[in-house]
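Take a look at the protein chain below.

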Amino acid sequence: MGTTLSLVKLVVDLGGPFLWVDCASTFQESSLNTIKSCSIQCSMANLSSRNKAAEQRTMACRVKPVNSITRMAVTGDLAEARVAMMFADGSISSISNFFFSCSPELLTEGLAYGAKGMLGLGNTRISLPSQISNTFGYHRKFFMCLSPLSGAIFLSDIPNVLHIGSEVPKSMMYTPFISKQDGYYINVKSIKIAGKKLSINSTLLSANEKGHGGTKVSTILPYTTMERTIYDSFVRGYAKVAISMNMTRVAAVSPFGACFSSEGLEDKRFGSGVPTIDLVLQSEMVKWRIYGRNSIIKVSDKVMCLGFLDGGLNPEASIVIGGYQLEDNLLEFNLGTAMLGFSSLTRCSDLLASHNVLI
């Protein structure tokens, strides 16, 4: 970022409305252009987070960058500067007037080590996918593959240079997004453990009149969380099936609510040795299947735990699908058609092979 194109590390925030960064430690002041409140650019941002009272005092376009991990929010200027990204073929392209928000250093507290801000991939006019689409004429969508070792975010389509584009549609399933302002939500109808449907309060799976409920996809939480009554039923159902598969339940290890002996399962936790979990979507034919590699976590040489957490009572989202459950699933976020594509049959990091392409 900036005239000197300094490397900036950012935390990926799926629902973030825009990129925000600690400008004081990232830019020389001369490389920044602050957007005026009365400008077309400020109107184009069209954000509910604009601080119009502050704009009247400063004449600058003011927005509210949020640290989605600590929930801290501040008022910051909307600015523009040069931003460059490396593409899959190794080429580098830049945008001279990329819009983002400046924030004070204190907002970076709680982020990953070395991160100077957050990269918003939400469905807004000034999120990264939208600005890339407007500049280069790409479709307004992106693919994401998260992995503990390597990962990639592909803006628009999977590039041909990786020779995997033809393999993607074969295993992808699609579900529509639910319209909510604070992120990407999908409609989970029911949950199954090894094909057996759980008994849960289905009304919690849909958003109520206050906007609470539903299922959110998030890169902020490390593990999937569930509203407490859903979680309790989920743990009971999983443990019952696991025991029937000769898994031995042991004392829970915080923060997890269900743990099992790993003896004899070390070679099976990525395969059929543990129960599968299905998030059933708009029909019984469309389901997000979670295998052992995304459900079980080894916490010691002898203990493995179910990688889901109690989300408490009355959370904003009844289910939040977290980072561990997203790993190695190829995800397509199509902002133009409001659809989520997903594939859990193939480890996406295997498809990427030796390519470690990051935006």
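C259 is buried, with a relative accessible area of 0%. Buried means under 20% relative accessible area, exposed means over 50%, and partly exposed lies in between (1.4 Å probe, protein chains only). C305 also counts as buried, at 0% relative accessibility. A disulfide joins C259 to C305, with 2.0 Å from S to S. The term disulfide stands for a pair of cysteine sulfur atoms within 2.5 Å. The pair links distant parts of the chain: C259 sits in strand β17 (residues 259-261) and C305 in strand β21 (residues 303-306), 46 residues apart. Helices (H or I, at least four residues) and strands (E, at least two) are DSSP runs, numbered from the N terminus. The torsion about the S-S bond of C259 and C305 is about 95°, so this disulfide is right-handed.

A word on the source. This is a predicted model, where local features need pLDDT of at least 70, side-chain atom pairs count only at pLDDT 80 or more, and totals for chains, interfaces and linings use all residues. Residues are numbered from 1 along each chain as its sequence is written, and side-chain values use heavy atoms, leaving out hydrogens and water.

How many disulfides does the structure hold? It holds three. C42 and C61 form one of them, with their sulfur atoms 2.1 Å apart. C42 lies in helix α1 (residues 40-45), while C61 lies in the loop between α2 (52-58) and β4 (62-63), 19 residues apart. The S-S torsion of C42 and C61 is about 80°, so the disulfide is right-handed. C42 is buried at 0%, and C61 is buried at 0%.

C23 and C102 form a disulfide too, their sulfur atoms 2.0 Å apart. C23 is in the loop between β2 (20-22) and β3 (33-34), and C102 is in strand β6 (residues 92-103), 79 residues apart. Here the torsion is about -85°, so the disulfide of C23 and C102 is left-handed. C23 is buried at 6% relative accessibility. C102 is buried at 15%.

C38 counts as exposed, at 66% relative accessibility.

Now step back. The protein chain has eight helices and 25 strands. Of its 359 residues, 53% are buried.
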